[in-house]
Amino acid sequence: MLKRKFGWEEEHTIQAVRTLENTAIVIDPPSLEEVIEGGHPDNRVLECASAVNADYLVTGDRRHLLPIGEYHGTSIVDALRLLSVLTQVP
């Protein structure tokens with residue numbers, strides 16, 4: 001998917017996945033109510049953010065996630081908005 005979505009070469013994709021595997025904490029969040037209809041996979045993203053009480057969910061998804069704005073206390077923002085918030089913190 002990274003290869004297709006970002007146009008990366010296979011080696012770059014493999015390296016990115018290895019980095020994530022070595023640094024990520026894998027969780028299995030409980031299923032919550034469906035926010036995006038039709039069993040959309042982004043519902044799992046929302047469940048993960050909720051399960052870890054994330055302050056922010058950073059995404060470029062203008063179709064499904066960004067319009068939600070907030071989910072169970074997690075602000076859903078794009079990268080530019082997050083950077084704006086972070087630069088305002090004293």
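Predicted model: local features only at pLDDT ≥ 70, side-chain atom pairs only at ≥ 80, totals over all residues.

Reader: Which residues of helix H3 are buried?

Author: Helix H3 covers residues 42-51. A residue counts as buried under 20% relative accessible area. By that cut-off, the buried residues of H3 are Asp42, Asn43, Leu46, Glu47, Ala49 and Ser50.

Reader: Within what arc do the buried residues of H3 fall, seen down its axis?

Author: The buried residues of H3 include Leu46 and Ala49. Seen down the axis, the buried residues line one face of the helix, because they fall within an arc of 160°.

Reader: Which residues form the largest nonpolar core?

Author: Leu46 and Ala49, both among the buried residues of H3, belong to this core. The core has nine residues. They are Ile36, Leu46, Ala49, Ala54, Leu57, Leu65, Leu66, Tyr71 and Ile76.

Reader: Which residues is Ile76 in contact with, leaving aside its neighbours within four places in sequence?

Author: Ile76 is one of the residues of the largest nonpolar core, and contact here means heavy atoms within 4.5 Å. Leaving aside neighbours within four places in sequence, the contacts of Ile76 are Leu46, Leu57, Thr59, Leu65, Leu66, Ile68, Gly69, Glu70 and Tyr71.

Reader: What is the phi of Asn53, and is Asn53 buried or exposed?

Author: Asn53 follows H3 and has its place in the loop between H3 and E1. Its relative accessible area is 61%, so Asn53 is exposed. Although Asn53 is not a glycine, its phi is positive, at about 55°.

Reader: Where is His72, and what is its phi?

Author: His72 has its place in the loop between E2 and E3. With a relative accessible area of 44%, His72 is partly exposed. His72 is not a glycine either, yet its phi is positive, at about 50°.

Reader: Is Thr13 buried or exposed?

Author: Thr13 lies in helix H2 (residues 10-23). Not counting residues up to four places away in sequence, Thr13 touches Leu2, Lys3 and Trp8. Its relative accessible area is 14%, and the cut-off is 20%, so Thr13 is buried.

Reader: How far apart in space are Val35 and Leu82?

Author: Val35 has its place in the loop between H2 and H3, and is partly exposed, with a relative accessible area of 33%. Leaving aside neighbours within four places in sequence, Val35 is in contact with Asn43, Leu46, Ile68 and Tyr71. Val35 and Leu82 are 47 residues apart in sequence. From C-alpha to C-alpha, the two are 23 Å apart in space.

Reader: Which residues line the largest pocket, and how much space lies in it?

Author: The lining divides into five nonpolar residues, no polar and no charged. Leu20, Ala24, Ile25, Val26 and Ile27 make up that lining. The space in the largest pocket is about 190 Å³.

Reader: In what order do the elements of the protein chain run?

Author: The secondary structure comes to four helices and three strands. From the N terminus on, the order is α-α-α-β-β-β-α.

Reader: How many residues does the protein chain have, and what percentage of them is buried?

Author: The C-alpha trace of the protein chain spans about 40 × 35 × 25 Å along its principal axes. The protein chain has 90 residues, and the buried share is 24%.

Note on methods. Residues numbered from 1 in each chain as written. Heavy atoms only, no water. Core = buried A, V, L, I, M, F, W, Y, C linked by side-chain atoms within 4.5 Å. Buried < 20%, exposed > 50% of the residue type's maximum accessible area, 1.4 Å probe, protein only. 1 Å grid on protein atoms, 1.4 Å probe; cavity = no way out; pocket = protein on both sides within 12 Å on 5 of 7 lines; lining within 4 Å. Points joined across faces, edges and corners; volume = space filled by probe spheres on them. Nonpolar A, V, L, I, M, F, W, Y, C, P; charged D, E, K, R; others polar. Helix = DSSP H or I, 4+ residues; strand = E, 2+ residues; numbered from the N terminus. Arc of directions from axis to C-beta.
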